[in-house]
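I set out to record what I looked up in this structure, entry by entry.

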Amino acid sequence: MNILTKLTIFVLMCYVSAKYNCKMDGCQNGGKCTYFGNCECAHGYVGYDCGVQMALRSFGPSCTIKCLNGGTCFNTNMCYCTESFHGNRCQYQKENIQCGLEGIQITIMTSTKFQGEVTTKPNSTGCQFSNFRASNATLLRSYRLITPLSLQTTNPCHRAINRTVTPDKVTYSIDVAVSEKEGVYNPLRDRIVNFKCVYPRRIGEGSTQDNTQSYTPVELLYLDTRLQPLTQGVQEGDVFYIDFSPTTESGTNGLQVISMEAFSVHNGKVTTFKMIEKGCILPTAESRVKSMKQVEGTRPNGEKIHKTRIEMTAFSLYGNSYLHFNYDLKFCPGACPEIRCIRRQPIQPTQHQQPYHHFGGGPGLNIVI
């Protein structure tokens, strides 16, 4: 079975980072959280968090308010916003930066059900987001960071600020991680946002600009047995390698795979197979995951990095369904500390059904509805 195309699709999918993930933010009105962090709404409700009742939507003349940025009018004069905006007319972005002459302010809005961490990268003592409920009328919580632009050590946030100077402008940027657990990254759940302020070098030339964008801190590369990039499909049973490398944007030179599972989707059902847990290959996965180790590599600029290389045997979980991988990563300044794994006797795989949001649980095969 040729799975090269499936591996490529997996990489593209994981580079997309949603601003709302129900694993951390929850669903409203009886909605169920799926494996991928999206809400499946109960009958009669719609929206990214199932927050609006279909029967209450207003259209045309029956709507007396103009909802902006894709918002939906309901109850005649109210707006239900998309996941990226808030406000009575959806006029404000949930993630924004305000650029001042002496400092900047970063704001990230989450639901009040948000169970996670909002931190700068790298995180520093004293450089912390304050959080408070936006208002009693909304179900939003505001995380806010205010910092001067100073790079002096007297500024608690000086390690988190990146300053770039060109002949015509000065750029200050801060990376912010929105994650379930500080220091761990999962492509289906977490995101890293780059907030940037651009200042003209001379007064009166141009204007201050602000922008935000999400990025992935890891690069995946699939290799053949000669450790060359895969250029053709692999068959079931063939050996191949996956290299996990920290990107320059990650601000780190090393990473470690903490957990990993394979999954396939068929007719709306997600089949998962847990392979790595707590940094160790599970006994039930040893026939598919041959080895995992840290190896040295270099970036195009010659900088040394420490990446994780996993040796695998190609396999399928459900017929010809696409094979994907989900994983948790820990980033380190250099080489990550070695995890000592205790070899255990293999356990027979089990098969059972779990709610759609279950992440596989114990070792073995799980059918997730």
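This is a predicted model: local features need pLDDT of at least 70, side-chain atom pairs count only at pLDDT 80 or more; totals for chains, interfaces and linings use all residues.

**Entry 1.** Which residue forms a disulfide with Cys-67, and how far apart are their sulfur atoms? I found that the partner of Cys-67 is Cys-79, with 2.0 Å between the two sulfur atoms. I then looked up where the two cysteines sit.

**Entry 2.** Are Cys-67 and Cys-79 buried or exposed? For Cys-67 I read a relative accessibility of 18%, which counts as buried, because the cut-off for buried is under 20%. Cys-79 has a relative accessible area of 13% and is buried.

**Entry 3.** I next asked how many disulfides a search of the whole structure finds. The search finds ten. I followed up two others by name.

**Entry 4.** Cys-41 is joined to Cys-50 by a disulfide, with an S to S distance of 2.2 Å. The S-S torsion of Cys-41 and Cys-50 is about -95°, so I recorded this disulfide as left-handed. I then looked up the accessibility of each partner. Cys-41, at 29% relative accessibility, counts as partly exposed, because that class lies between the 20% and 50% cut-offs. Cys-50 is buried, its relative accessible area being 0%.

**Entry 5.** Cys-81 and Cys-90 also form a disulfide, and I noted 2.2 Å between their sulfur atoms. The torsion about their S-S bond is about -95°, so the disulfide of Cys-81 and Cys-90 is left-handed. Cys-81 is buried at a relative accessible area of 10%, and Cys-90 is buried at 0%.

**Entry 6.** In which strand is Ser-264 found? I located Ser-264 in strand β21, which covers residues 254-266. Its relative accessibility is 1%, so Ser-264 counts as buried. What is Ser-264 in contact with, leaving aside its neighbours within four places in sequence? With those neighbours set aside, I listed contacts of Ser-264 with Lys-269, Val-270 and Thr-271, and with Leu-317, Ser-321, Tyr-322 and Leu-323.

Methods:
Residues are numbered from 1 along each chain as its sequence is written. Side-chain values use heavy atoms; hydrogens and water are left out. A disulfide is a pair of cysteine sulfur atoms within 2.5 Å. Buried means under 20% relative accessible area, exposed over 50%, partly exposed in between (1.4 Å probe, protein chains only). Helices (H or I, at least four residues) and strands (E, at least two) are DSSP runs, numbered from the N terminus. Contact means heavy atoms within 4.5 Å.
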